[in-house]
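Hi,

Here's the structure I promised to pass on.

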Amino acid sequence: GFTVSQAEGHGADLAFRTITDQVRGREDRIRTECVIQNENLPALREIIKQDLPGGNIVCWAVPVMEFGKC
């Protein structure tokens, strides 16, 4: 599974798509989080690149110490 939430992108390197974004100084984003096995990360990145070319997508990976329902 995965989680999706609204987010706002900030920073000097943003290529604002609209004048509204330029005035606000940020752009709307969607943040997606998923927990996967480390060995599956390269395949996931390739799928994203193929399915969303030019999607202005930023990825980062962090280790998860534990995952499960509480």
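Asp-21 sits in helix α1 (residues 19–24); helices here are DSSP runs of H or I with at least four residues, numbered from the N terminus. Bear in mind that this is a predicted model, where local features need pLDDT of at least 70, side-chain atom pairs count only at pLDDT 80 or more, and totals for chains, interfaces and linings use all residues. Residues are numbered from 1 along each chain as its sequence is written, and side-chain values use heavy atoms, with hydrogens and water left out.

Asp-21 is buried because its relative accessibility is 10% (buried is under 20% relative accessible area, exposed over 50%, partly exposed in between; 1.4 Å probe, protein chains only). Leaving aside residues up to four places away in sequence, Asp-21 touches Phe-16, Arg-26, Glu-27 and Asp-28, with contact meaning heavy atoms within 4.5 Å.

Now the salt bridges: there are six in the structure, each a side-chain nitrogen of Lys or Arg within 4 Å of a carboxyl oxygen of Asp or Glu. One of them pairs Glu-27 with Arg-29, closest N and O atoms 2.7 Å apart. Glu-27 is buried at 1% relative accessibility, while Arg-29 is partly exposed at 23%.

Arg-31 and Glu-33 form another, at 3.0 Å from N to O. Arg-31 comes out partly exposed at 38%, and Glu-33 is partly exposed at 42%.

Then there's Lys-49 with Glu-46, at 3.9 Å between the closest N and O atoms. They are about one helical turn apart because three residues separate their positions in helix α2 (residues 41–51). Lys-49 is exposed at 55%, and Glu-46 is partly exposed at 39%.

Cheers

Key: Helix = DSSP H or I, 4+ residues; strand = E, 2+ residues; numbered from the N terminus.
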